[in-house]
Amino acid sequence: MTDTLDDAALLRYARQILLPEIDIAGQQALAASRVLIIGMGGLGCPAAQYLAAAGVGNLTLCDGDQVDLSNLQRQILYGEADLGRLKALAARDRLRAMNQQIRVSAWVESAQPESLAAALDTHDVVLDCTDNFGSRHAINRACRNAGKPLVSAAAIRWEGQLAVFDFRVSESACYACLYPDGVEDTEDTCSRSGVLGPLLGVLGSMQAAEAIRLLCTGHSPLAGQLLLVDAQSWQWRQIALRRDPACGVCA
């Protein structure tokens with residue numbers, strides 16, 4: 001991948017290059033960028049697809065799970081032929097087939113604090129697409145320590161949320177300011193309560209949009225904000241996040 005856009009790239013990405021906020025410089029920035037997507041489930045699948053289609057030059061897909069039949073209702077990168085395959089490998093193959101101009105790597109494990117710290121050194125933006133509080137807190141802490149922007153989303157039943165934590169800004173609130181560490185024992189899960197597949201598609205696509213915005217413009221209007229959605233009524237709320245002076249991560 002080079003910083004120069006050839007004729008094929010100019011044609012492929014023409015519709016987003018026309019956006020003044022992206023233009024040629026933004027497309028070149030995308031081509032040179034590295035994005036880490038942690039969790040290749042209902043959020044990670046649409047996020048990865050849109051980032052690959054947008055021409056993000058290097059994608060790393062982190063997931064240690066295998067494709068299960070119950071995943072297919074919402075994890076749209078996979079089909080019945082992928083049952084039993086490792087998600088990171090199956091998703092990598094699909095994305096490489098979608099766009100041969102980019103590089104896609106599979107990280108076949110659940111991200112651990114030690115490996116996260118090393119991985120963040122070589123990535124520009126992180127997408128948290130996981131489905132449990134323990135992973136979210138580990139990712140939040142690693143991104144905070146590394147000073148890397150984190151785009152986080154979650155959904156259950158008909159409800160979802162999206163937040164951008166821009167840790168390049170020293171006074172930024174973090175995920176632990178919103179959900180203090182230690183709530184894992186009381187968490188609800190999609191396997192118990194269900195989730196609407198298209199809602200995950202909406203939120204995963206929004207994660208991709210904010211990653212593209214961060215890479216092209218350097219900022220996001222959702223930095224320091226929590227966006228909440230109720231898909232039953234399509235009510236949206238936006239709440240300003242404040243740094244918790246007693247936070248165990250960023251205080």
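Student: Which helices and strands each supply at least two residues of the lining of the largest pocket?

Tutor: This is a predicted model, and the answers below are to be read accordingly. The pocket concerned has a volume of about 1,100 Å³, and 49 residues line it. The elements that each supply at least two lining residues are helix H7 (133-146), strand S5 (150-156), strand S6 (159-165), helix H9 (190-193), strand S7 (225-230) and strand S8 (235-240).

Student: Of the residues that line the largest pocket, which are the closest to its centre?

Tutor: The lining as a whole divides into 19 nonpolar, 17 polar and 13 charged residues. Those closest to the centre are Thr-130, Asp-131, Asn-132, Arg-136 and Cys-190.

Student: How many residues of each class line the second largest pocket?

Tutor: The second largest pocket has a volume of about 180 Å³. Its lining is formed by Leu-19, Glu-21, Ile-22, Ser-205, Ala-209, Ile-212, Arg-213, Cys-216 and Thr-217. Sorted by class, these are five nonpolar, two polar and two charged residues.

Student: Is Thr-217 buried, partly exposed or exposed?

Tutor: Thr-217 is found in helix H10, and its C-alpha atom is separated by 9.4 Å from that of Ala-29, 188 residues away along the chain. Buried requires under 20% relative accessible area and exposed requires over 50%. Thr-217 has a relative accessibility of 32%, so the residue counts as partly exposed.

Student: What distance separates the C-alpha atoms of Val-202 and Pro-46?

Tutor: Val-202 also lies in helix H10, and at 30% relative accessibility Val-202 counts as partly exposed. Val-202 and Pro-46 are 156 residues apart along the chain, yet the separation of their C-alpha atoms is 8.3 Å.

Student: With which residues is Ile-37 in contact, leaving aside its neighbours within four places in sequence?

Tutor: Ile-37 is one of the residues that touch the most other members of the largest core. Beyond its sequence neighbours, Ile-37 is in contact with Gly-44, Ala-48, Leu-51, Leu-59, Thr-60, Leu-61, Cys-62, Leu-127 and Cys-129.

Student: Is Gln-75 buried or exposed?

Tutor: Gln-75 lies in the loop between strand S2 (58-62) and helix H5 (87-98). Apart from residues up to four places away in sequence, Gln-75 touches Met-40, Gly-41, Gly-42, Cys-45 and Lys-87. Its relative accessible area is 4%, so Gln-75 is buried.

Student: How far apart are the closest N and O atoms of Arg-213 and Glu-210?

Tutor: Side chains of opposite charge can pair when their charged atoms come close. Arg-213 and Glu-210 are three residues apart in helix H10, and are therefore separated by about one helical turn. Arg-213 is partly exposed at 33%, whereas Glu-210 is buried at 6%. Their salt bridge has its closest N and O atoms 2.8 Å apart.

Student: Which residues are linked in a network of salt bridges?

Tutor: The count of salt bridges in the model comes to five. In one of them, Arg-85 pairs with Asp-82, with the closest N and O atoms 3.6 Å apart; Arg-85 is partly exposed at 30%, and Asp-82 is buried at 11%. The residues linked in the network are Asp-82, Arg-85, Arg-92 and Asp-93.

Notes: Residues are numbered from 1 along each chain as its sequence is written. This is a predicted model: local features need pLDDT of at least 70, side-chain atom pairs count only at pLDDT 80 or more; totals for chains, interfaces and linings use all residues. Side-chain values use heavy atoms; hydrogens and water are left out. On a 1 Å grid over the protein atoms alone, a cavity is a set of points where a 1.4 Å probe fits but cannot get out, and a pocket is an open set with protein on both sides within 12 Å along at least five of seven lines; lining residues have an atom within 4 Å of a point. Grid points are joined across faces, edges and corners, and a volume is the space filled by probe spheres set on the points. Helices (H or I, at least four residues) and strands (E, at least two) are DSSP runs, numbered from the N terminus. Ala, Val, Leu, Ile, Met, Phe, Trp, Tyr, Cys and Pro count as nonpolar, Asp, Glu, Lys and Arg as charged, and the others, Gly among them, as polar. A nonpolar core is a set of buried Ala, Val, Leu, Ile, Met, Phe, Trp, Tyr and Cys residues joined through side-chain atoms within 4.5 Å. Buried means under 20% relative accessible area, exposed over 50%, partly exposed in between (1.4 Å probe, protein chains only). Contact means heavy atoms within 4.5 Å. A salt bridge is a side-chain nitrogen of Lys or Arg within 4 Å of a carboxyl oxygen of Asp or Glu.
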